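The following note is intended for a colleague who has the coordinates at hand.

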Amino acid sequence: VVIGGPLETALVAQLGRGPGARLSQVVVRALAWWVDVPSDLRKGDRLDVLFEERPGEEPVVHALRFQSGKLGKTFRAYRYKPAGAAYARLFQATGDEIELRLDGAPLDDYEQITSLLRDGRGHKGVDFKTPTGTEVKAPFDGIVSRRNWNVRLNGNSLEVRESGGTRTALFLHLSEIPPEMRPGEKVARGQVIALTGNTGHSFAPHLHYQLQSGETVLDPFQSHQTSRKSLAPTEKPALDAEAQRFEGLLDAPENGA
């Protein structure tokens, strides 16, 4: 796709309304780690995507190549599952994940991020796709300030106020909250405070993680310290082989997007 306007418009023109809109959401979440979307997109930028449609779910992106006119460089990412990992992720050719990880995250691991504050959807939190029953941990020392409010939308929910700080963390769509997690209960960073679920206004199991300072919504990827995971050196040859295979598929004349 050669971008001549909004990214979603270009993908819809190529793929049709439903597939194009669904792919656009996935692609924007990937591009957001490299550029500001849509402000950094320029007419004439080129996007090549190798993806797999899934009935009732978002498409899986296997490879992504984005030529940025503003930055004068080409970004590449390839889906790869390291040995022993629970999930496949998008890696750059260097062996680094494209996504940043939160230090002190509420989840030890997750399948993928399905919503970011920077993806243009107006969502107030970060959504982590993860199976129901995954342990949710306190991101900082704090005190439980609310439990189960606005249940029709939030489902089972918990709010923790930071001790000695200004941040408040909200955890929505939970499956279980221990009975002791009541307002006034003290929690320590890293303590298990709930289990993820699919309650309230939710279409698939995930954790909605929201940070605020007063009424101001914070981006967890700016509020937390972050790091980027890299493949072990022994994994790099396998990634290189996958990258070469995917590049060949991206260059194939029948590649649709």
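1. Two strands are taken to pair if DSSP finds at least two bridges between them. On that basis β1 and β2, which run antiparallel, are joined by eight bridges. It should be kept in mind throughout that this is a predicted model.

2. The pairing of β1 with β2 can be followed at individual positions. Phenylalanine 51 has valine 61 in β2 as its bridge partner. The hairpin of β1 and β2 has two residues between the strands, and glycine 56 in this hairpin adopts a positive phi near 75 degrees.

3. Strand β2 (residues 57-68) also pairs with strand β3 (residues 73-80), again in the antiparallel sense and over six bridges. Here phenylalanine 66 is placed opposite phenylalanine 75 of β3.

4. Taken as a whole, the sheet is open and consists of four strands in the order β1-β2-β3-β4, with antiparallel pairing. Its edges are formed by β1 (46-54) and β4 (89-91), each of which pairs on one side only.

5. The loop between α2 and β1 contains proline 38. The peptide bond from valine 37 to proline 38 is cis, with omega near 5 degrees.

6. Which residues does serine 145 touch, leaving aside those up to four places away in sequence? They are Glu159, Val160, Arg161 and Pro183. Serine 145 belongs to strand β9 (residues 142-147). Its side chain makes a polar contact of 2.8 Å with the side chain of glutamate 159. Between the C-alpha atoms of serine 145 and valine 160 the separation is 5.5 Å, although these residues are 15 residues apart along the chain.

7. Asparagine 148, in the loop between β9 and α3 (151-154), has a positive phi of about 55 degrees although it is not a glycine. Asparagine 150, likewise placed in the loop between β9 and α3, has a positive phi of about 45 degrees and is not a glycine either.

8. Asparagine 150 counts as partly exposed because its relative accessibility is 47%.

Definitions and conventions: Residues numbered from 1 in each chain as written. Predicted model: local features only at pLDDT ≥ 70, side-chain atom pairs only at ≥ 80, totals over all residues. Heavy atoms only, no water. Contact = heavy atoms within 4.5 Å. Polar contact = N/O pair within 3.5 Å; in protein donor to acceptor, adjacent residues only side chain to side chain. Buried < 20%, exposed > 50% of the residue type's maximum accessible area, 1.4 Å probe, protein only.
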